[in-house]
Amino acid sequence: NLRPGLLDIFVGILALRDLDYRFKHNELEPEKTSVFEVELATQTAWRDVPEDWVGLLRYLVQSERFRTPLTLYVTALACAENSPADALELLIEAARLQNEDDDKRLGIEAGTIAEQAAKLACNAYAGGRLDEHAVLDVFDGFQRIAGQCADDELEYCCATALMAAGQKEK
């Protein structure tokens, strides 16, 4: 007998492989795919290496039905290294949706997701991969979801971006 956790993992692997095969062969039809199947596959991609599934994940979140906190979050992880601006947009949307309706499959609070977005924005900004206006947009989303920032490094990053944007009075 398979333990329930092993069965979920096995079914998730099958779902991920099936969706990926259909995606790569232009046979994936979102309207004929269930949210449950997509979320099982997404959880499996998350346990694996999300970056390896970035094409499929990006394709899936193009469909409004599949834009759940889980799929948005894992897609953001998958594209964070190569496309930080896209990852930030996905993270903030995941945090907003998680804030509206707590997704137990994701298991991460909205404020934590928003903070991860702020940290990614600061790292991308420090590396010259994001401009100050994008950082400030992320911080606006962060503050709407998580409230005031209590992290010194994030506050410094925000202050630096504000000065670079000519908003020294804030």
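Which helix does Val 11 lie in? Val 11 lies in helix 1, helices being DSSP runs of H or I with at least four residues, numbered from the N terminus.

The views show a predicted model, in which local features need pLDDT of at least 70 and side-chain atom pairs count only at pLDDT 80 or more, while totals for chains, interfaces and linings use all residues. Residues are numbered from 1 along each chain as its sequence is written, and side-chain values use heavy atoms, with hydrogens and water left out.

View A. Leu 7, Phe 10, Val 11 and Leu 14 make a nonpolar surface patch of about 350 Å². Patch residues have over 30% relative accessible area and no salt bridge, with nonpolar side chains joined within 5 Å; a salt bridge places a side-chain nitrogen of Lys or Arg within 4 Å of a carboxyl oxygen of Asp or Glu. Areas come from the Shrake-Rupley method with a 1.4 Å probe. Val 11 counts as partly exposed because its relative accessibility is 35% (buried is under 20%, exposed over 50%, partly exposed in between).

**View B. Asn 26 in a loop.** Asn 26 is found between helix 1 (4–24) and helix 2 (35–47). Its phi is near 50°, a positive value in a residue other than glycine. With a relative accessible area of 75%, Asn 26 is exposed.

**View C. Thr 75 in helix 4.** Thr 75 belongs to helix 4 and, at 0% relative accessibility, counts as buried. Leaving out residues up to four places away in sequence, Thr 75 touches Leu 57, Arg 58, Val 61 and Leu 90 (contact: heavy atoms within 4.5 Å).

**View D. Packing of helix 5.** The buried residues of helix 5, among them Leu 90 and Glu 93, pack against helix 4 (69–79), helix 6 (110–126) and helix 7 (132–146).

Note on methods. Buried < 20%, exposed > 50% of the residue type's maximum accessible area, 1.4 Å probe, protein only. Helix = DSSP H or I, 4+ residues; strand = E, 2+ residues; numbered from the N terminus. Patch = residues over 30% accessible without salt bridge, like charges linked within 9 Å, V, L, I, M, F, W, Y side chains within 5 Å.
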